[in-house]
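Dear colleague,

Please find below the structure that I am handing over to you.

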Amino acid sequence: MAYSRIIGSVQSKQWSALVRACCCVLVLLVLVSGANIARAETSAGTRIDNTAELRLDGSNTLRSNTVSLITAERLDVTLARVGSGSVAITGAGNVLPVLLTNAGNGQEAFTVAATVSDASATVRLIAIDVDGDGRFDATRDTVLAGGVTPALAPGASLSLLVVVDAGQGAVTANAVTVTAQSITGSGPQGTQFAGQGDSGGDAVTGATSARAAVSVPLAATGAAPSLVKSQVVTAPDGSARAITDAIITYTLEARLVGPTANVRVADPIPVGTTYVAGSLRLDGAVLTDAADADPGTVGAAGVAVTLGDIAAAGTRTIQFQVKIQ
């Protein structure tokens, strides 16, 4: 009998410990759940109504007037680049992907812009990466009209592609800077835009001031100088046919990528043609054909223009004419 009482007492203590443990777990879950609920942000434009009651003599009830308000829209945005390190850009169509996120609590659109700090590169366009492949395809991806995104839900992100074209010169180690701003407005935290939030409520800037920026560094890239030649034919009958007595206007573009010493351009007169006297030009200015003070000469070896020492990147344009014999 004593043994049975001991066993019963032990079992009772074990059961009590188990119940207490379960209760502790249950209380913890309730607290955690309550904490999560408390942290959830009310959506912008939500109408909050409240009415109180007054009870008299335990039976009569009087209701107060109802007070209402509309939850303000918090304006916040973030930008992040996709990838890391410096990006080398050459030629046309270089793509820099970035991610824009609506960090506010309401539906919001954003204006997006990009600038490049290197004079030899330009931002061509910004597009939505519709298929998410990180490459710009004009048949699938959507160019931002006026640089404005569609309205994004709270917490929603949008993949964007910044397309940059490199010019003829060398791209130095600078950066492309992308900025985004709430279409409603921006300003120091707490800046208010009355009646401009969701459902007619107010809008107010949050911690990001409703504006974000991200920079993508560019790696220095070398570019080679080049000489590009083109021609235009004008025949005596006004056509562009290469017939006898037709005039060929040659254009030479010397594209230089930086400081260059002792630059000279030479071009022989083609067989079957004769040089048109007085037709030599440098950047639109007339040059004499003789070897004199100006940089141009015309002789048996053909046309030559001495540009000398070039101080900075740029393009010099030379023109002359020949007649088909």
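The notes below concern the salt bridges and one surface patch.

Please bear in mind that this is a predicted model.

The count of salt bridges comes to 13. One of them pairs Asp165 with Arg124, with a distance of 2.9 Å from N to O. Asp165 belongs to strand E11 (residues 157-166) and Arg124 to strand E9 (residues 121-128), so this pair ties together parts that are 41 residues apart in sequence. Asp165 counts as buried because its relative accessibility is 17%, under the 20% limit. Arg124, at 43% relative accessibility, counts as partly exposed.

A second salt bridge links Arg255 and Glu253, whose closest N and O atoms are 2.7 Å apart. Arg255 is partly exposed at 22% relative accessibility, and Glu253 is partly exposed at 26%.

There is also a network: salt bridges with shared partners join Asp131, Asp133, Arg135, Asp137 and Arg140. Within this group, Asp137 and Arg140 form a salt bridge in which the closest N and O atoms lie 3.0 Å apart. Asp137 has a relative accessible area of 21% and is partly exposed; Arg140 is likewise partly exposed, at 43% relative accessibility.

With kind regards

Technical notes
Residues are numbered from 1 along each chain as its sequence is written. This is a predicted model: local features need pLDDT of at least 70, side-chain atom pairs count only at pLDDT 80 or more; totals for chains, interfaces and linings use all residues. Side-chain values use heavy atoms; hydrogens and water are left out. A salt bridge is a side-chain nitrogen of Lys or Arg within 4 Å of a carboxyl oxygen of Asp or Glu. Helices (H or I, at least four residues) and strands (E, at least two) are DSSP runs, numbered from the N terminus. Buried means under 20% relative accessible area, exposed over 50%, partly exposed in between (1.4 Å probe, protein chains only).
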